[in-house]
Amino acid sequence: MKRFLAIILAGLMLLSLAACGEKEDEATWKLGAVQTEGNFEHYFEHALGDHGNGDAGFDFVMYDNLNSALMSLNRKDINALSVDKVTGDYIAAHNSDYISIEETHYSNIQNYSMMTMESKTEVYNLLNNAIKDMKADGTLDSLIVNELKAYIESDPEEKDLPHFDGAQTIKIGVTGDVPPMDYVAANGKAAGFNIALLTEIANRATVNFELVQIDSAARATALSTGKVDAVFWTKGFVCSNCDKSLAEEIDGTVITESYFSSPAALVMLKSDK
């Protein structure tokens, strides 16, 4: 299963509440999301079938990257964009035209992790062990407080990753579609929380990371073709109000322990709220 099922579900309740108000005469609401590879039919079946929202008049629109999704929102091609709360807060903080609304009904949580191929056992163990150690010794908590939360209000600071002569190099795919987690500056240089995370892992494991920019929708292909060795992913989600717990599994891949969790949110134009 692929990413954003939790986020799509997150939008349904808020959209249904809005649809019951001044927009109740509109025939269809359109909810956008940044797409990962694969078939989203299972999302629709769960969101519209299991929850009985088949007659609610929702359409889902998938985008290859965040920029195209926000452009569509600005054109009012969609009514809302479904993201995680950290990304929603960042978008709203950096553009006064937007508002970010946390989803509370389904209590969906996105668990950020890293994904690699099953065949890359050494890469998986290096990443997973470092994340486990950082969770155990409090480093992750410190990074979240001192790095991530600060980035929401200000652009992430560009930092060079450590380099160790003669050390192993691991290629990491970055998309820029989940600021300030996975963030790429206007000059094309990656920054943000995930760079702080990779810096800590590099220093612990004495390894070099090479960043490769890819589209969000091409992450699995980039892995399977060897373009990158690992990507940032999500380790499934829990929908507590609908008794669902789904993992984001792709054949031939493995996912590390999560390093950060965030609830879902909707980004809307203030003029439409």
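**Notebook: fold, pocket and salt bridges**

I began with the secondary structure, and the chain has eight helices and 13 strands, taken as DSSP runs numbered from the N terminus (H or I, at least four residues, for helices; E, at least two, for strands). I note that this is a predicted model, in which local features need pLDDT of at least 70 and side-chain atom pairs count only at pLDDT 80 or more, while totals for chains, interfaces and linings use all residues. Residues are numbered from 1 along each chain as its sequence is written, and side-chain values use heavy atoms, with hydrogens and water left out.

**Burial and contacts**

I looked up burial next: of the 273 residues in the chain, 52% are buried, where buried means under 20% relative accessible area, exposed over 50%, and partly exposed in between (1.4 Å probe, protein chains only). The chain exposes about 11,800 Å², of which carbon and sulfur atoms supply 45%; the areas come from the Shrake-Rupley method with a 1.4 Å probe. Among contacts (heavy atoms within 4.5 Å) with a separation of 6 or more, 82% are between residues 24 or more positions apart.

I then took Leu126 in helix α5 as an example, and Leu126 counts as buried at 16% relative accessibility. Beyond its neighbours within four places in sequence, Leu126 is in contact with Gln168, Ile170, Ile201, Ala205, Val207 and Phe209. Leu126 and Ile201 are 75 residues apart in sequence, yet their C-alpha atoms are 8.4 Å apart in space.

**Largest pocket**

I looked up the largest pocket, which holds about 420 Å³ of space. Its lining has 20 residues, and the closest to the pocket centre are Leu66, Asn67, Leu70, Gly176 and Pro179. A pocket here is an open set of points on a 1 Å grid over the protein atoms alone, where a 1.4 Å probe fits, with protein on both sides within 12 Å along at least five of seven lines, and lining residues have an atom within 4 Å of a point. I recorded α3 (66–74), α4 (85–94) and β7 (183–184) as each supplying at least two lining residues, with the largest share, four residues, coming from α3. By class the lining has 10 nonpolar, eight polar and two charged residues, with Gly counted as polar.

**Salt bridges**

A search of the whole structure gave me eight salt bridges, each a side-chain nitrogen of Lys or Arg within 4 Å of a carboxyl oxygen of Asp or Glu. Asp77 and Arg75 form one of them at 2.7 Å, N to O, and Asp77 is partly exposed at 35% relative accessible area.

I found another between Lys120 and Asp229, with the closest N and O atoms 3.1 Å apart. Lys120 lies in the loop between β5 (109–117) and α5 (121–136) and Asp229 in the loop between α8 (219–224) and β10 (230–239), so this pair ties together parts that are 109 residues apart in sequence. Lys120 is partly exposed, with a relative accessible area of 25%, whereas Asp229 counts as buried at 11%.

Lys135 and Glu257 also form a salt bridge, their closest N and O atoms being 3.2 Å apart. This pair links distant parts of the chain, 122 residues apart, with Lys135 in helix α5 and Glu257 in the loop between β12 (253–255) and β13 (260–269). I noted both partners as partly exposed, Lys135 at 39% and Glu257 at 28%. My last entry is a network in which salt bridges with shared partners join Asp137, Glu200 and Arg204.

Methods:
Grid points are joined across faces, edges and corners, and a volume is the space filled by probe spheres set on the points.
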